[in-house]
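Visitor: Please take one part of this model and look at it closely, setting out what surrounds it and how each term is meant.

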Amino acid sequence: MSLIDLLTGNTGNQVAEQAENKFGISKTQVIALLAVAAPLIISYLRNKSQDANEAEALNNALDKDHDGSILDDVSQADARQAEGGSILSHIFGGDKSNVENQLSQNTGISIDKVGPILAMLAPVIMGYIGKEKQQNNVGAGGLGDLLGGILGNASNQAQQQQSNPLNDILGSVLGGNSQSGNPLNDILGSVLGGGNQQKQQGGGGLGDILGGFFGK
């Protein structure tokens, strides 16, 4: 299953419905948030996995806690929100508040709800990575390539299928990286409309796409 299939299929929709019911936010906004946040989480993990100790820690966490079973029972996402918060704190570190602020500004979801929604998503993303890891028989040394492959495949799929706003968002997120080595700069900078490259092209990044998506 590709990342786009995860986000646009039953799993993404079920997470979005849970968040909609719990936080009173439109499902459309939640799905747009997931479309940006999921590749961002995976990009950060890919960068961390370049460090051997981080790769080993991630490998152990995937083997121990993230076997992919959550994909068969997405109701776990709500119950595992506290765990998801801890996952995000480790992944984003000092960037966490900046990430949440940027995502809040560009999706229209209030800052006090962005973090909890991301915390519901995090165990789902980890479960997805864990399942891909098992299916591809990857160890700690191969995690960087596995994560890069997930992003690359999703980029290709989104650009081939740009027939709806969600694929447009994913195509921009996954195809707009400046590859500075910093996922926050690459995705939040270029794609969310804060990067010079995006401005020179006359685009507002995610803001423009979300405008059409939400009918504003």
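Guide: Thr11 lies in helix α2, residues 10-23, where a helix is a DSSP run of H or I with at least four residues, numbered from the N terminus. The relative accessible area of Thr11 is 10%, so this residue is buried; buried means under 20% relative accessible area, exposed over 50%, and partly exposed in between, with a 1.4 Å probe and protein chains only. Apart from residues up to four places away in sequence, Thr11 touches Leu6, Leu71, Val74 and Val124, contact meaning heavy atoms within 4.5 Å. The model is a predicted one, in which local features need pLDDT of at least 70 and side-chain atom pairs count only at pLDDT 80 or more, whereas totals for chains, interfaces and linings use all residues. Residues are numbered from 1 along each chain as its sequence is written, and side-chain values use heavy atoms, with hydrogens and water left out.

Helix α2 is also one of the elements against which the buried residues of α6 pack, the others being α3 (27-48), α5 (76-79), α7 (96-107) and α8. Helix α6 has 12 residues and reaches 16 Å from its first C-alpha to its last, close to the 16 Å expected at 1.5 Å a residue; the expected span is 1.5 Å times one less than the number of residues. Its buried residues are Gln81, Gly84, Ile87, Leu88, Ile91 and Phe92. They cover an arc of only 110° around the axis, and therefore sit on the same side of α6, the arc being that of the directions from the helix axis to the C-beta atoms. An α-helix has 3.6 residues a turn, so residues three or four places apart point the same way. On the other side of α6, Ala82 and Ser86 are exposed, and after the helix comes Gly93 with a positive phi near 55°.

As for the pairing with α8, the axes of α6 (residues 81-92) and α8 (residues 111-135) come within 7 Å and cross at roughly 85°. Axes here are lines fitted to C-alpha atoms, for helices over the stretch in contact, and angles run from 0 to 180 degrees between N-to-C directions. From α6 the contact draws on Gln81, Gly84, Gly85, Ile87 and Leu88, and from α8 on Gly115, Pro116, Leu118, Ala119, Met120, Ala122, Pro123 and Met126. These residues divide into 9 nonpolar, 4 polar and no charged, where Ala, Val, Leu, Ile, Met, Phe, Trp, Tyr, Cys and Pro count as nonpolar, Asp, Glu, Lys and Arg as charged, and the others, Gly among them, as polar.

Helix α8 itself has 25 residues and reaches 36 Å from its first C-alpha to its last, close to the 36 Å expected. Just after α8, Asn137 takes a positive phi of about 50°.

How values were computed
Helix = DSSP H or I, 4+ residues; strand = E, 2+ residues; numbered from the N terminus.
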